Amino acid sequence: MAENRASMLIFAAFAILLALMAFVFSGISDRAIKASPIGSDGLFHWLNANEIEAVRSHRRTVLSEGDIALRVLPLLDTNLYSDAPEPFDARERLSNPTLRDLDWSIFDEKITYVSSLVILPKWRAGVLEHGLLDPQLLIPKGQMAGLLNQIGIEELTLTRNRPGFTQTDDGLTAYELQLFHYTRLDGLCTPVLSVPEGVLLARCALRDSTFHILSDPDILNTHGLALGNNAEVALGIIRSLMWEGVDTVYIDTSTTITLDVSGDEDRALRPRTADDLSRFLTYPFSLILMGAGAAFLIMLWRGLARFGPALQLADDGHAASTSASLEAKGYVLQMTGEDHALVQDYITARLHSLNRDIFGPKTRFDRGTLTKKLAALAPHTHADFAAALARVANVDATTPTAAIEDAAYEFDESYRRLSDELGHVSRGH
Amino acid sequence: MRPSRLSLLIAVGLVLITCAITLAQPEGGAMVQWLWALFGLAATVDLVISRKGRSVAALLDLPDQMFVGTTADVPLTLRSATGPLPRDLRVQAQTRGALDTTIPDVDITEDTAELTLTLTCSARGAFAFEQLWLMWSSRLGLFDIITAKRFDHAIDGVPNIQPVLSGQITTQVQAELYGVKDSQFRGEGSEFHQLRDFTTGMDTRLIDWKRSARHGSLVARETHVEQNHQIIMCVDNGHLMRQTIDGLPKIDCALNAALATTWAAGIGGDQVGFMAFDSRPGLYIPPAPGRTAFARIRGQVAGLAYKSVESNHTLALAHLNGLLNRRSLIIVFTDFVDRITAQLMVENLAVLSRHHVLVVVTLKDPVLEQTAAPSDSSMAAIAKSVAAQEMSKERQMVLDELRRMGVVCLDVAPGSLSPELVSTYIDIKAREMI
């Protein structure tokens with residue numbers, strides 16, 4: 001028994017660990033977002049195919065700010081001031097506008113020191129789950145306005161005046177095109193690329209930084225690049241925004257600062273080598289690993305040798321079981337939710353049983369006769385019993401379950417006292 | 001043999017110590033190696049100085065046959081060849097099939113231990129006592145010495161005929177048919193037995209006037225109950241009869257009662273046949289005189305397999321009706337759940353009851369009564385109670401319907417089935433219903 005308890009504890013620990021891992025990794029992974037139709041993998045490959053060196057953000061990237069011609073910063077968060085709460089259920093998860101939490105201070109630092117192209121979000125998480133674009137999955141304009149306010153360009157307002165697919169004269173194509181309103185552009189932002197319905201790309205000067213902001217992510221994301229003439233437009237936009245002399249575009253999907261301030265480091269990903277692993281095989285790890293190995297072998301040996309026969313977990317056949325049948329029927333009766341009717345049936349059955357005990361099995365049940373007889377046989381407890389019966393008779397569909405249970409309990413108690421008194425009568429003392 | 005829990009704890013402790021020392025002191029490796037070496041040395045020494053599994057012998061006196069639902073006390077002697085037995089000796093038995101073993105704590109007295117194993121047989125079939133497992137700790141407690149003593153002793157689980165062997169049935173039948181009570185029935189039987197001198201106190205209606213005239217003095221006819229009736233034990237072997245009550249399948253309770261009644265019928269001078277059915281008619285043993293039938297039925301039903309299929313009463317009872325060419329007493333051992341599922345059974349029994357005397361035997365499950373009167377007042381218990389009451393009511397309605405058709409119904413607890421059934425048989429016989 002003690003061995004079983006220890007095994008159960010180890011098993012429970014593993015189960016908790018697995019549950020924690022499942023909880024931690026239950027969200028949509030960043031890799032999945034990048035590879036999705038609204039991700040940036042398409043842009044990465046498209047730029048590299050057109051002789052623009054594109055680098056994706058990575059925690060092992062060793063690049064300095066000076067190495068970057070342009071930072072492409074796709075925003076997938078509508079609230080930079082706080083982290084998005086965990087979705088409570090599937091419905092909330094689908095309507096979640098935040099796919100990647102970004103802190104305002106990080107965002108501010110990112111756009112301050114490197115020429116940046118900020119891409120506004122447009123779609124909610126449901127797009128990733130369903131793999132479909134639908135007007136219902138658009139982020140509400142109110143939330144977008146909040147985001148622009150947090151960035152500091154609250155005078156920019158978004159319009160989505162063209163439902164369905166929109167194609168401009170120069171081949172720019174998007175579904176539910178999202179643009180900045182013309183009339184609201186004032187001193188902070190100036191239009192860079194416009195279409196007749198509004199501004200697609202604007203340059204904003206904010207505090208110490210100047211950055212560009214793209215109203216519709218579907219021009220540069222993976223599925224958008226495949227539409228109309230978007231791929232050419234995207235190349236044009238990127239090329240026009242790159243600094244002179246440097247040809248690296250940094251597609252920044254990280255939520256931390258990954259670029260080094262100084263330019264001394266090598267521009268490369270630090271490669272993984274066998275040495276990384278071999279460090280764990282040298283002293284003191286070698287000794288720890290050998291000890292753990294020895295302990296594991298001892299556990300294995302102990303686990304392999306059994307004392308006593310193997311436990312038989314299942315019978316060789318299926319036998320009917322009254323208890324299982326009653327359990328199932330009782331459960332079904334409870335599922336009906338008609339507790340009051342159930343209790344009244346129960347009371348009736350107990351009264352029939354009482355009638356059988358007093359008058360014999362062949363006698364017809366008559367409540368009045370039984371009550372009179374009980375009053376004569378059990379004068380002390382009969383009043384309580386009658387009161388309990390009356391209370392049960394008053395329960396109906398509107399009575400709360402707790403009150404019904406109380407009434408049943410009171411009946412059972414009075415029934416026991418009555419049976420006890422009847423027992424005294426039958427025993428003659 | 002396997003490492004003990006102590007070994008495991010020491011090993012895990014050493015791993016922790018290794019982590020602590022090597023990470024805290026870069027030069028602590030040598031000390032850790034010494035600790036592990038010491039552990040290894042202790043384990044080796046323990047292996048050498050501890051007694052081996054072969055040093056303990058086990059002697060068991062096992063039965064070849066057991067009655068279903070009974071227990072047998074089996075003496076076990078453990079003897080050590082080298083010195084006293086280990087104090088912490090533990091014993092476990094390994095059996096095959098429906099044999100359960102209860103082993104008391106071992107009481108060690110120097111080099112021998114005597115204990116009594118309790119074997120319980122809970123089903124029919126061919127089982128075996130395979131081996132006896134012994135375990136004790138090594139000298140230093142670093143190992144569990146485990147040894148298995150092989151027996152492979154076959155034990156057959158057979159229907160329980162203890163009431164027959166103990167003479168209980170014989171006494172009951174003889175007392176009622178030929179003993180004190182028999183005097184009431186002797187005059188009422190229709191089969192002529194003998195003539196005897198009329199004495200004062202005898203019923204004058206018994207006087208055989210023709211023979212008295214020929215004889216010159218009053219002689220009376222003495223009759224006794226009819227013999228040589230045909231009795232068929234019809235046993236349902238479907239899935240409902242596999243249900244266990246008090247640890248014994250209903251089918252085994254039925255077979256035990258059927259054998260007891262077969263024996264009683266043998267004493268009563270009747271012929272007994274047997275039929276088992278499940279989804280289709282199965283084993284059929286034609287009626288034969290009592291003692292012969294008893295041996296034959298006992299031998300055949302021991303090998304009757306447990307089935308998990310729904311019983312087909314229509315097919316079985318129609319088949320039985322076709323097999324019988326004279327009025328018989330048919331004792332049907334069966335079970336049902338509710339009125340709907342019992343409807344076909346009732347219809348077929350009605351057909352059979354036109355030509356034969358029927359006794360329907362069902363086993364009462366104490367769980368129904370216990371659940372109907374729950375000890376707590378939770379809604380779950382109340383719901384189950386209502387379900388149990390409903391089930392009992394339906395069961396009673398089916399039995400009442402059968403009784404109205406003239407079928408004798410027995411709905412009794414497994415413990416009192418055999419005596420009740422034998423009593424019913426004697427009653428039917430005495431009343432010459434067959």
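**View 1. Helices H7(B) and H13(B) pack at an angle of about 40°.** The axes of H7(B) and helix H13 (residues 417-430) of chain B lie 9 Å apart. Axes here are lines fitted to C-alpha atoms, for helices over the stretch in contact, and angles run from 0 to 180 degrees between N-to-C directions. H7(B) passes H13(B) in a right-handed crossing. A crossing is right-handed if the near helix is turned clockwise from the far one by less than a right angle, and left-handed if anticlockwise. H7(B) contributes B:Cys253, B:Asn256, B:Ala257, B:Ala260, B:Thr261, B:Ala264 and B:Ala265. H13(B) answers with B:Leu417, B:Ser418, B:Leu421, B:Val422 and B:Tyr425. Contact requires C-beta atoms, placed from the backbone, within 7 Å. By class, the residues of this contact are nine nonpolar, three polar and no charged. Ala, Val, Leu, Ile, Met, Phe, Trp, Tyr, Cys and Pro count as nonpolar, Asp, Glu, Lys and Arg as charged, and the others, Gly among them, as polar.

The model is predicted: local features need pLDDT of at least 70, side-chain atom pairs count only at pLDDT 80 or more, and totals for chains, interfaces and linings use all residues. Residues are numbered from 1 along each chain as its sequence is written, with chains lettered from A and ligands numbered from 1 in the order in which they are written.

**View 2. The largest nonpolar core has 86 residues.** Such a core is a set of buried Ala, Val, Leu, Ile, Met, Phe, Trp, Tyr and Cys residues joined through C-beta atoms within 7 Å. Buried means that 20 or more other C-beta atoms lie within 10 Å of the residue's own; 12 or fewer means exposed, and anything in between partly exposed, with C-beta atoms placed from the backbone. The members that touch the most others are B:Cys234, B:Ala254, B:Leu259, B:Ala264, B:Ile331, B:Leu358 and B:Val361. Helix H7 (residues 250-267) of chain B supplies the largest share, twelve residues. At least three residues come from each of domain 2 (53-158) and domain 3 (162-169 + 227-430) of chain B; these bounds come from an automatic or database domain assignment. A second, separate core of 61 residues includes A:Ile111, A:Ile119, A:Leu147 and A:Ile238.

**View 3. B:Leu358 and its contacts.** Neighbours within four places in sequence are left aside. B:Leu358 then contacts B:Ile330, B:Val332, B:Leu349, B:Leu352, B:Ser353, B:Val407 and B:Val408. Chain B as a whole has 13 helices and 20 strands. Helices (H or I, at least four residues) and strands (E, at least two) are DSSP runs, numbered from the N terminus. Buried residues make up 37% of its 434 residues.

**View 4. Helices H13(A) and H14(A) cross at roughly 65°.** Their axes come within 11 Å. H13(A) passes H14(A) in a left-handed crossing. A:Leu351, A:Leu354, A:Asn355 and A:Ile358 of H13(A) meet A:Arg367, A:Leu370 and A:Lys373 of H14(A). This contact comprises four nonpolar, one polar and two charged residues.

**View 5. Chain A meets chain B through 40 residues of chain A and 44 residues of chain B.** On the chain A side, helix H11 (285-304), helix H12 (322-335), helix H13 (339-359) and helix H16 (401-427) each give two or more residues. H11(A) gives the most, with ten residues. The chain A side has 23 nonpolar, ten polar and seven charged residues. Chain A itself has 16 helices and 13 strands. Of its 429 residues, 29% count as buried.

**View 6. A:His223 sits in helix H8 (residues 222-225) of chain A.** A:His223 counts as partly exposed because it has 17 C-beta neighbours inside 10 Å. A:His223 touches A:Pro37 and A:Ile38, not counting residues up to four places away in sequence. The C-alpha atoms of A:His223 and A:Gly42 are separated by 7.7 Å. Along the chain, these two are 181 residues apart.

**View 7. Two non-glycine residues of chain A with positive phi, A:Glu51 and A:Glu176.** A:Glu51 has a phi of about 60°. A:Glu51 lies in the loop between helix H3 (41-49) and strand S1 (53-56) of chain A. With 7 C-beta neighbours inside 10 Å, A:Glu51 counts as exposed. For A:Glu176, phi is about 55°. A:Glu176 lies in the loop between strand S7 (173-175) and strand S8 (179-180) of chain A. A:Glu176 counts as buried, with 20 C-beta neighbours inside 10 Å.

Conventions: Contact = placed C-beta atoms within 7 Å.
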